[in-house]
Every structure is written in structure tokens, then in C-alpha cells.
Amino acid sequence: MDRDSTGPSGINGPAIAGQLPNGVIITPLAPHSDERGTLSELFRANWDTNISPVQWNGVHSGSNVLRGFHLHVRHADYLVTISGRMLLGLQDFRPDSPTHTLAVVLDLKGSEPAAVTIPPGVGHAFYFPEPSVHIYAVDEYWAHDDELGCRWDDEQLTLPWEIEAPLLSPKDTQAGTCREMVEEYLRQKSQYAATAPKKVEQNVR
């Protein structure tokens, strides 16, 4: 099965090839339920996820919380909504990507589990219309200088969603412009490519 052509239904309907930023992978998960509850495998190293996690984190978010907008030069993310609902906004800022500037929103529900791999250079924001729990993995340990961001409502973001007055962290409230974020991303990417070209290139395919 082509994991890029199957996924949860959402704002954009089923996620099919051509509707996602290049390198974003949706991995449907199969819950196994009985009278005791449900078990779901979240990750296997032999799945086609294009990520080798080194760190996992769990996050609980209240209703109307928005996390982002964030962009990374070096690390990829792999996330799963465990309970509740997440609207995942994605926008491609890689100039060499065939889907450069493409913006989409995925509707991820704990009741319909799926994992999403987000490669470096694809910016993202998470909005939670209800209390939710999600887990995410990264393929490099957290580093402050790889946490770029901008205001979630910057006019250069073209995410197809309608959100008003979400709850933000102080960092996201005080974030700069999308233009500043992209300029810093391109500067860092150029420097990083000189020392780790394979790492940068493997997520554009």
C-alpha cells in the first residue's frame, strides 16, 4: 500500500498523493480492540516512515490551544493523536521542493489513529478544538537553534483554516514574522547543507 495515498479523512478529504507537501507521510494505524479496551502499534522501525526517532514526547493540550507556527532545519517530526482531535496545519517552505508553498490542513482524531511524518522545511502548527493528547518523536535531540517560528496568523501563511483567538504560549505569542522565519531557515539550511548534505536532501523526494 502507498502510505502517501491513504490516510484519515479531514478538511481536505482523504489525504492522497499530490495533496500533501512532498515528503509528508501519513501512516494509518490499526487499533486492536476487545472488551478490555484498545491497543494500537504506533511505530515500527520497518515501516516506511522515513524517520529514525531518538526522542519521544507526550503532550496534553486543552481546548482552543494552538501550538506553532514552527519550522525546523535539521529534524523531522512523527506525531500521533492519541485522544481528542488535532487540526494539523502544514506549509512547505523548501525552495527546492516540488510542492514549495503548498499549504494543507489535516484533521487527525484519536478515534481514527494515524501517524504523520513531517520532514525538515515543512512548517507546522497544531490546533486543538477539544482537550487532546498527542505523542511525537524527533530524529535529533531537541536543540533551541532548530526551533524557528512565526505568528500563527501571519499573512504569508496560507493555511486553509478558520481559527479565532486561540490560546498560545508566551513564545508563540511573541513570535516574529513569517518572512523573518524563512530568511533564518534558508540561512541555517545553507550552513547545515555544507556539513550534512544527505540529511537535508533525503526529505525531498
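This is a predicted model: local features need pLDDT of at least 70, side-chain atom pairs count only at pLDDT 80 or more; totals for chains, interfaces and linings use all residues.
1. The volume of the largest pocket is about 480 Å³. A total of 25 residues line this pocket, and R67, H70, F126, Y136 and E147 are the closest to its centre.

2. Which elements supply the lining of the largest pocket? At least two residues each come from β4 (55-61), β5 (65-71), β6 (77-83), β10 (122-128), β11 (132-138) and α1 (170-173). The most come from β5, which gives five residues.

3. Follow β5 into its sheet. Five strands make up an open sheet, in the order β8-β7-β10-β5-β12, with antiparallel pairing. The edges are β8 (103-109) and β12 (148-149). Each has a single partner strand, so one side of each lacks a neighbour in the sheet. As a reminder, strands of a sheet pair through backbone hydrogen bonds, either parallel or antiparallel.

4. β5 and β12 run antiparallel and are joined by two bridges.

5. Turn to β6. Is this strand largely enclosed or largely open? Five of its seven residues are buried, so β6 is largely enclosed by the rest of the structure. Buried here means under 20% relative accessible area.

6. β6 pairs with β9 (residues 114-118) in the antiparallel sense, over four bridges. In that pairing, D77 stands opposite I118. β6 also runs antiparallel to β11, and six bridges join the two. There, T81 stands opposite H134.

7. Next, helix α2, residues 178-195. It has 18 residues and reaches 26 Å from first C-alpha to last, close to the 26 Å expected at 1.5 Å a residue. The buried residues of α2 are C178, M181, V182, Y185, Q188, K189 and Y192. Why do they lie on the same side of α2? They cover an arc of only 135 degrees around the axis, which puts them on the same side.

8. An α-helix has 3.6 residues a turn, so residues three or four places apart point the same way.

9. Finally, the other face of α2. Turned away from the buried side, it carries the exposed residues R179, S190 and A194.

Terms used: Residues are numbered from 1 along each chain as its sequence is written. Side-chain values use heavy atoms; hydrogens and water are left out. On a 1 Å grid over the protein atoms alone, a cavity is a set of points where a 1.4 Å probe fits but cannot get out, and a pocket is an open set with protein on both sides within 12 Å along at least five of seven lines; lining residues have an atom within 4 Å of a point. Grid points are joined across faces, edges and corners, and a volume is the space filled by probe spheres set on the points. Two strands pair if DSSP finds at least two bridges between them. The expected span of a helix is 1.5 Å times one less than its number of residues. Buried means under 20% relative accessible area, exposed over 50%, partly exposed in between (1.4 Å probe, protein chains only). The arc is that of the directions from the helix axis to the C-beta atoms.
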